[in-house]
Amino acid sequence: MTVVASPSELSRRKRPYWTMARRDSLAGYVFVAPQAIGIAVFVLVPLLLVFWYSLHEWNVLAQTFRFKGLENYHRLLSDPGLPEVLIATAIFSIFLVVFNMSLALLLAVLLNQKLRGITVFRTLFFSPVVVSLVAWTIVWSFLLQNNGGLNGILDHFGIEGPNWLRHPTTAMIAVVVVQVFKNVGLNMILFLAALQGVPKELYEAARVDGIPAFRQFRRITLPMISPTVMLTSIITIVGSLQVFAQIAVLTQGGPGMSTTVLVYYLYQQAFEFHNFGYGATLSILLFVIVAALTFLQWQMRKRIVFYEN
Amino acid sequence: MKTDLSPRMKIALYGLMLILLVPFVFPTWWMVTSSVKPISDIFAFPPEIIPSRFDFSTYGQAFELQPFAKQYWNSAYIAAIVTGGTLIFSSMAGYAFARIDFPFANTLFMVVLIGLLIPSEVTIVPLFRLFLSWDMINTHWPLILVPVFGAPSVFATFIMRQFFIALPKELEEAARVDGLGRFKIFWTIALPLSKPALGAVAIFTFLHSWNLYLEPIVFLSSPEKFTLPQALTQFTDAYGGAMWNIQLAAATMTALPVLIVFVIAQRQFVEGLAHTGLKG
Amino acid sequence: MTRFTTIGATLAMTTALAGAVSAQELRMTIWSANEAHLTLFNDIADSFTATHPGVSITYESLPFSSYTTTLTTQIAGGNPPDLAWILERTAADFVNSGVLAPLNDGFMAADGFDYDDILAKPTELWRLDGELYAIPFSTSPLAIFANNDLIRAAGAPTPADLIAAGEWTWDNAIDVAAKVAAADSEGIIVRDFNFQTWQNLAAIWRGWDAAPWSADGATCTFDEPQMVDAMTFIHDAIFETGATPGPGESVDFFAGDAAMSITQISRASLLPTGDDAFDWDLVPLPTGQAGDYAVIGQAAIGAFQRGDNVDLAVAFLAHMTNPENSAKLAQFFPPVRASLLNAETLGATNPLLTSEMIDSVVVDGITRGEVLPVHEGYSEIQQVVRAELDSLWQPDADVAAVLSNVCQRIQPLL
């Protein structure tokens with residue numbers, strides 16, 4: 001018991017198996033386990049299964065599940081409806097992102113002014129975000145009827161409004177605009193926070209140099225908030241590819257196929273027409289588009305974002 | 001940009017904002033007022049801003065046509081569980097990715113981030129078959145499990161991680177020296193400090209679950225299991241004709257409570273969102 | 001002796017059934033949530049459970065707009081109902097897929113069912129090689145409701161006047177509608193068409209002898225001259241004369257907004273009473289260019305093969321549609337039984353209708369009516385045609401070109 005231990009022996013004996021680092025590792029795994037396992041089960045496995053199902057046809061009524069090889073992919077290439085769907089998806093997403101981002105920025109700049117009662121305005125602009133999405137869309141579907149509220153208001157000013165939901169162009173405008181008014185409040189708040197984060201000294205300096213307000217905005221504000229713009233635009237674009245309820249309630253993809261975006265088409269094929277295999281094939285197309293867009297934006301981020309904290 | 005404005009400029013700005021407000025406020029106003037109009041006045045031309053005749057019977061009818069109270073409960077309890085579950089698991093994962101140094105942390109984080117690339121719309125067909133084989137079709141499980149563990153929770157994890165990264169380390173360091181375990185630190189120090197981020201995540205998650213539409217119509221097939229968004233589109237007579245005023249009454253009942261909560265707590269709402277760490 | 005064995009057998013069956021409680025629940029999906037309907041259905045269920053102790057029957061109302069999708073989800077989810085209402089347009093999908101139980105033997109064996117009373121023509125759709133897979137409980141002729149107050153106010157002849165004069169043709173009907181429309185109301189509505197459910201237009205185009213596809217369902221016939229003529233007629237009625245409201249306009253005949261409405265007779269229950277009441281009439285569809293015709297909408301009930309109690313389900317279905325209960329159902333749902341198709345029986349349960357209306361519209365319509373369009377894979381064909389037809393509902397549309405596009409698109413699906 002009185003044997004003097006060598007220094008190395010001492011340290012070995014005194015360091016238990018559960019070192020701080022080991023305990024940390026364990027804690028780390030335990031902390032992320034629910035999320036990581038969840039992603040594996042509810043995202044990664046289904047993703048692999050999408051590929052598998054896209055090679056099959058599943059008849060729900062007759063309960064058959066048959067291997068069909070690449071037949072669904074041939075169908076994808078020869079589907080006469082698909083080009084229209086892709087065009088509608090592209091138009092919808094582009095218009096939505098552009099309109100959403102510019103309106104959000106405009107509102108954020110307005111709300112950033114020193115005005116009495118500005119929080120009331122902020123609350124009102126934000127309020128559609130918390131209104132149930134389907135309720136909001138149903139209301140707009142009334143307002144956009146040919147004899148509905150919007151044309152009633154236009155009539156007041158002597159303007160004969162179009163039959164909004166029955167013409168391809170106006171129907172597309174309608175679904176974009178309804179969606180933007182619903183959700184622009186979120187981006188508006190994020191932009192507002194970013195604007196308020198811009199150091200005031202920068203503007204002071206610019207004013208001393210006599211730089212006009214508009215150039216201050218372009219030279220100082222935009223670069224300073226560009227990381228927020230970048231991130232919200234990624235989220236908005238990916239979000240625009242998931243828009244489903246609004247289309248289902250407002251236009252059911254019509255008139256013609258003019259507002260049939262990819263997600264809606266996918267739903268129709270799989271769950272209304274019961275072409276599950278083809279639906280899975282369309283899912284893969286959707287996945288490729290989302291992944292490509294995200295990758296592209298991540299690349300652009302490096303070039304466009306001026307300032308990152 | 002915050003400069004004192006001339007009175008003329010102020011009037012111009014107020015005017016601009018008032019005009020811009022119309023499409024944000026009018027639909028909600030119209031929904032609430034029309035829900036108490038007799039059906040013939042809903043399509044009055046030009047539309048009535050303030051109803052001249054009242055008919056409240058639609059509110060009762062909404063409960064007769066569908067098990068609306070049950071559907072309300074379904075939406076509410078699903079949203080509550082999803083929000084609670086997401087808060088717990090995302091803050092844990094977000095904390096670990098931000099603070100704890102463990103092997104393959106970055107790899108795991110990248111794997112989790114893949115979830116952002118794969119919205120549940122992409123995997124809806126296999127999810128349908130998976131839940132089918134687990135006997136969970138026409139139950140609320142898919143509406144709880146997918147948001148809490150699947151793609152929608154990744155965004156929450158990301159927000160939480162960003163927030164924890166920005167949190168000063170010193171407080172935790174002191175506790176670690178005192179020999180506090182990771183879980184204790186997370187629970188007693190980090191989590192209480194992250195209330196703004198938790199608030200933002202709670203709002204996002206609640207609204208996401210509350211608005212879910214594709215998943216319910218895919219997974220649920222009996223009216224007493226339906227959630228509100230799905231139920232709202234189903235106020236039709238036996239031949240598919242829409243029952244407009246009842247639909248509007250139900251829409252109002254769906255929208256108003258959340259709206260009122262928001263108006264009362266709007267400061268926390270908006271400021272919580274502003275703190276999501278989405279600044280880069 | 002025989003009597004004893006019967007009682008013994010019944011007892012044995014009862015105990016066997018009572019032993020497996022869960023095996024005795026029957027569920028039927030329906031798309032009506034109407035209280036009067038449900039009360040009647042429950043009465044019929046009670047009269048069945050009275051002789052079948054331990055059996056319980058529930059009706060599950062699913063919303064009409066997503067009925068078939070929801071029903072299919074239940075089937076796919078391994079939770080099919082025991083019995084379900086099926087809409088005529090999806091008849092081919094259900095009958096051909098083999099999910100439905102054959103009914104002939106069960107019906108013939110059922111007491112007092114009187115199988116031979118069932119009309120052959122209106123059940124054709126629900127048969128495969130002579131075997132019945134679902135029985136129509138509602139065979140509803142499409143007819144025209146008219147608001148005579150509006151028509152007279154516009155100075156036009158009422159449908160009854162035209163019928164009396166032997167001039168009840170589509171051209172004259174549209175003239176009447178156009179006159180009323182010019183006088184600040186709306187003319188004629190195809191109810192539930194809404195520029196989406198185009199199959200309801202069959203109520204008009206059958207008068208031109210037009211059909212969406214050939215009888216064997218293999219060839220698209222949207223582009224044939226009869227269809228082009230019929231659709232041109234409809235297009236003119238919308239955009240030239242304004243006789244029928246255009247797309248995106250919500251008009252309700254039963255609120256007194258329009259002169260005429262093409263719909264099923266069961267809608268008579270929507271006619272307003274009291275202050276809002278108007279002088280109405282129910283008349284058959286006018287003569288088209290190809291002569292007299294009738295069109296019916298149908299809904300049938302089938303039993304699912306995969307249910308736990310197929311035989312019990314078929315027995316209940318036989319009970320529900322036997323002569324006695326069919327007569328009760330007839331107040332809402334016109335039957336396919338020869339013995340019930342007369343003004344006496346139907347008049348007793350439909351006090352709103354005169355015997356003349358019943359003879360000219362109901363009896364005549366059911367016996368010779370053509371069912372609305374049906375095809376296998378209907379939901380996809382429906383959507384594709386709907387999408388193509390959208391370009392027809394524009395003032396300057398080229399009818400022939402649009403219809404030939406329709407055929408190009410749906411031919412691969414037929």
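A residue is called buried if 20 or more other C-beta atoms lie within 10 Å of its own, exposed if 12 or fewer do, and partly exposed in between, with C-beta atoms placed from the backbone. By this criterion the buried residues of helix α16 of chain C are C:V402, C:L403, C:V406, C:C407 and C:I410. Helices (H or I, at least four residues) and strands (E, at least two) are DSSP runs, numbered from the N terminus.

The structure is a predicted model, in which local features need pLDDT of at least 70 and side-chain atom pairs count only at pLDDT 80 or more, while totals for chains, interfaces and linings use all residues. Residues are numbered from 1 along each chain as its sequence is written, and chains are lettered from A and ligands numbered from 1 in the order in which they are written.

Seen down the axis of α16(C), the buried residues fall within an arc of 145° and therefore line one face of the helix; the arc is that of the directions from the helix axis to the C-beta atoms. An α-helix has 3.6 residues a turn, so residues three or four places apart point the same way. Among the elements that cover the buried residues of α16(C) are α10 (225-239) and α15 (378-389) of chain C. Helix α16 of chain C consists of twelve residues (399-410), which at 1.5 Å a residue should span 16 Å; the end C-alpha atoms are 17 Å apart, in agreement with this. The expected span is 1.5 Å times one less than the number of residues.

Chain B contains 15 helices and zero strands. The C-alpha trace of chain B spans about 70 × 65 × 30 Å along its principal axes, and 47% of the 280 residues in chain B are buried. Two residues are in contact if their C-beta atoms, placed from the backbone, lie within 7 Å. Of the contacts in chain B between residues at least 6 apart in sequence, 73% join residues at least 24 apart.

Confidence is given by pLDDT, the predictor's confidence in each residue, from 0 to 100. Chain B has a mean pLDDT of 85, with 92% of its residues at 70 or more. Among the elements of chain B, helix α4 (residues 68-99) has the highest mean pLDDT (94), and helix α2 (residues 39-42) the lowest (71).

B:G94 lies in helix α4 of chain B. This residue counts as buried because B:G94 has 29 C-beta neighbours inside 10 Å. Leaving aside neighbours within four places in sequence, B:G94 is in contact with B:T157, B:M160, B:R161 and B:F164. The C-alpha atoms of B:G94 and B:F158 are separated by 6.4 Å, although the two residues are 64 residues apart along the chain.

The contact between chains A and B takes 85 residues from chain A and 80 residues from chain B. On the side of chain A that touches chain B, the largest share, 20 residues, comes from α2(A). That side of chain A divides into 58 nonpolar, 22 polar and five charged residues. Ala, Val, Leu, Ile, Met, Phe, Trp, Tyr, Cys and Pro count as nonpolar, Asp, Glu, Lys and Arg as charged, and the others, Gly among them, as polar. The contact between chains B and C takes 16 residues from chain B and 21 residues from chain C. The side of chain B that touches chain C has eight nonpolar, eight polar and no charged residues.
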